[in-house]
Amino acid sequence: MSFGVRVERGVAVPMRDGTVLRADVWHPAEGGPWPTLLQRLPYDKSSSFMAQHIVGLEPLQAVEAGFAVVVQDTRGRYSSGGGFNPYLDETEDGLDTIAWVRSQPFSDGQVGMYGASYIGATQLLAARAAPEGLIAIAPQLTAAEYHDVWSYSGGALQLGFLLLWIAESLAPVDLLRRPAGPERDRAQATLLEILRDPHAAYTRLPLDRDELAELAPYYREWLSHPDRDVFWQLIDPSGAHGRMNVAGLHIGGWHDIFLPGTLRNYAGLRSQAPSEWARQNQHLIVGPWAHGNLGDYQGDLWYGYGGASAALDLTATHLEFFRAAAEGRPAELPPVKIFVMGANAWREEMEWPLSRAKDTAFYLRSGGGANSAAGDGRLDRAAPSPDEPADHYLADPADPVPTAGGATFLPGVLFGRNSGQKEQSAVERRQDVLVYTSAPLESDLEVTGEVVIELHAASSAEDCDWTARLVDVHPDGTAYGVVDGILRARYRHGTDRQVPLTPGDPELFRFPLGSTSQVFKAGHRIRLQVASSNFPRFDRNPQRWTPPATAREEDLRPARQTVFHDGLRASRLILPVIES
């Protein structure tokens with residue numbers, strides 16, 4: 001069967017302020033009009049890797065299935081005019097582009113949007129304004145807002161992500177658009193320095209310095225708003241879930257930096273979308289993936305051939321979803337599909353979170369083992385006795401605990417080299433990492449949902465970070481991180497305000513480590529790490545009452561950390577356990 005495709009390159013799309021954005025348009029050579037799929041990206045529409053492979057939707061297949069496809073460079077990027085300022089123009093530009101698409105002879109007036117990472121942001125920021133004709137979105141590996149998780153997590157700066165995102169993806173093309181001169185030369189030198197040795201760039205203080213502001217002015221703006229203030233609230237699409245009358249296909253990864261946003265977008269639209277049709281047409285897929293890497297190998301572990309996104313055929317999944325939305329019918333897709341690590345198998349569910357998951361407490365207990373100086377403690381379902389001694393360690397931001405896997409965005413991101421489940425032996429040998437381990441499991445134990453820690457602790461400092469990691473310990477002693485989180489103590493009452501610690505006073509610090517689906521096999525042990533840094537994934541806390549972004553080497557202070565687990569101050573790990 002012969003099939004003709006018409007492709008128009010660099011089509012002008014005028015915005016309301018006169019700026020012209022450029023798009024490539026794909027549609028069948030004959031017939032029409034057709035429902036149209038729109039991707040708005042800052043990563044070069046002409047790149048088949050960025051515009052097709054990474055997002056999991058092949059335009060030729062979409063055209064063959066009866067869709068038109070529009071792929072557009074966002075404002076200030078590649079072939080489009082104007083200046084690039086992340087997030088700020090995406091709502092109006094998205095509205096104008098959707099209106100333009102609907103006015104074209106190839107479009108039947110129904111528009112779906114798709115894409116990953118920042119391309120998910122362009123979808124959500126347009127959808128929050130409820131544009132006419134937008135019927136479906138497919139945000140993949142993206143956040144629900146741009147303060148929490150995207151720029152900060154638990155109040156700590158997402159340093160590893162932000163600096164590499166700027167250096168790898170944003171700054172290079174921005175520099176090409178600047179006029180020649182000393183300013184561009186200095187910015188180019190800064191960029192080359194970062195790319196030559198990213199770790200040195202992470203380590204250099206202060207984080208807020210002129211050469212970085214000259215390279216990426218928006219970076220300084222993000223640093224100047226560590227609180228979740230009006231700056232972030234004005235660009236927060238999650239508060240508009242109740243206005244988004246769209247079907248949703250939400251695709252995430254257990255090791256993706258933005259997984260909390262994927263889950264929040266699904267839950268928000270499932271419960272708040274303005275029509276029953278939209279609420280019922282939300283779908284969630286979570287694989288064993290990290291950001292930018294949807295393969296079957298993550299970190300140090302292989303999840304089998306079924307772990308790759310190719311096993312799902314994401315193009316076919318997208319096309320069924322968008323076809324159903326255009327036809328006004330339910331998609332032939334499960335509401336929820338998750339990859340269960342450890343079992344290494346996909347499973348369909350009717351909901352997220354799973355109501356059958358039971359929050360199960362594992363208490364931090366004294367160990368008395370050979371490594372007691374480093375917190376050779378136990379994890380136990382039995383609560384501690386009244387007089388169990390506390391554990392102590394010295395946290396020194398000049399010698400931070402190194403990042404070892406997790407939901408990271410560090411060099412090697414497209415291969416998952418530094419993300420996902422990494423072996424933890426080197427980290428656990430450190431004297432500033434407390435380790436609590438269960439007895440070997442008598443049977444398989446599945447943990448599916450959000451993992452939370454309640455930590456009774458004290459610090460000698462006015463501010464510090466608390467970090468924790470859930471670990472799967474194999475029978476041979478190798479230990480692989482599953483999920484981890486952080487809380488900057490000054491934000492323990494919320495990310496909209498800062499409150500100093502009273503040095504030495506015990507407090508309860510409760511924070512999520514993130515969500516996962518992991519089977520701990522019989523004979524394995526469950527482990528919890530507790531520390532006060534995870535660098536360079538997160539910036540270092542100077543452990544004094546000073547803005548971390550402007551702290552210099554001389555501002556870094558060691559702090560004595562105390563973790564309590566006695567009868568009155570029982571610290572515990574809370575796991576969402578699926579009973580067999």
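This is a short walk through one predicted chain, from the overall fold down to single residues.

Some ground rules. The model is predicted, so local features need pLDDT of at least 70, side-chain atom pairs count only at pLDDT 80 or more, and totals for chains, interfaces and linings use all residues. Residues are numbered from 1 along each chain as its sequence is written, and side-chain values use heavy atoms, with hydrogens and water left out.

Overall picture. The chain holds 14 helices and 25 strands. Those are DSSP runs, numbered from the N terminus: helices are H or I with at least four residues, strands are E with at least two. The radius of gyration is 24 Å, close to the 25 Å that the globule rule gives for 580 residues, so the chain is as compact as a globular protein of that length. That radius is taken over C-alpha atoms, and the rule is 2.2 Å times the number of residues to the power 0.38. Along the principal axes, the C-alpha atoms fill a box of roughly 80 × 60 × 40 Å.

How much is buried? Of the 580 residues, 62%. Buried means under 20% relative accessible area, exposed means over 50%, and partly exposed lies in between, with a 1.4 Å probe and protein chains only. Now contacts, meaning heavy atoms within 4.5 Å. Among those with a separation of 6 or more, 75% come from residues 24 or more positions apart.

Next, helix 5, residues 159-176. Its 18 residues reach 25 Å from first C-alpha to last, close to the 26 Å expected. The expected span is 1.5 Å times one less than the number of residues. Where does helix 5 bend? At Leu 170, by about 50°, with Pro 172 following within four residues. The bend is the angle between axes fitted to the seven residues ending there and the seven starting there. Helix 5 is mostly covered, with 14 of its 18 residues buried.

On to the parallel strands. Strand 5, residues 107-116, runs parallel to strand 6, residues 134-140, joined by six bridges. Pairing requires that DSSP finds at least two bridges. Val 111 stands opposite Leu 134 of strand 6. Seven of the seven residues in strand 6 are buried.

Arg 102 belongs to helix 3, residues 90-103. It is partly exposed, at 30% relative accessibility. Beyond four places in sequence, Arg 102 contacts Ser 107, Gly 109, Val 111, Glu 132 and Gly 133. Arg 102 and Gly 133 are 31 residues apart in sequence, yet 7.4 Å apart C-alpha to C-alpha.

Ala 325 sits in helix 13, residues 314-327. Its relative accessible area is 8%, so it is buried. Its contacts beyond four places include Ile 135, Ala 136 and Trp 277. Ile 137 is 188 residues away in sequence and 9.8 Å away in space, C-alpha to C-alpha.

Now the antiparallel pair. Strand 20, residues 465-473, and strand 21 pair over nine bridges. Leu 470 has Val 483 as its bridge partner. Five residues lie between the strands of this hairpin, where Gly 477 takes a positive phi near 95°. In strand 21, residues 479-488, ten of ten residues are buried.

Last, Ser 459, in strand 19, residues 445-459. Buried or exposed? Ser 459 is buried, at 4% relative accessibility. Its side chain makes a polar contact with the side chain of Gln 561 at 2.6 Å. That term means a pair of N or O atoms within 3.5 Å; within protein, one must be able to donate a hydrogen and the other to accept it, and residues adjacent in sequence count only if both atoms are side-chain atoms. Ser 459 also touches, among others, Trp 466, Leu 501 and Arg 560.
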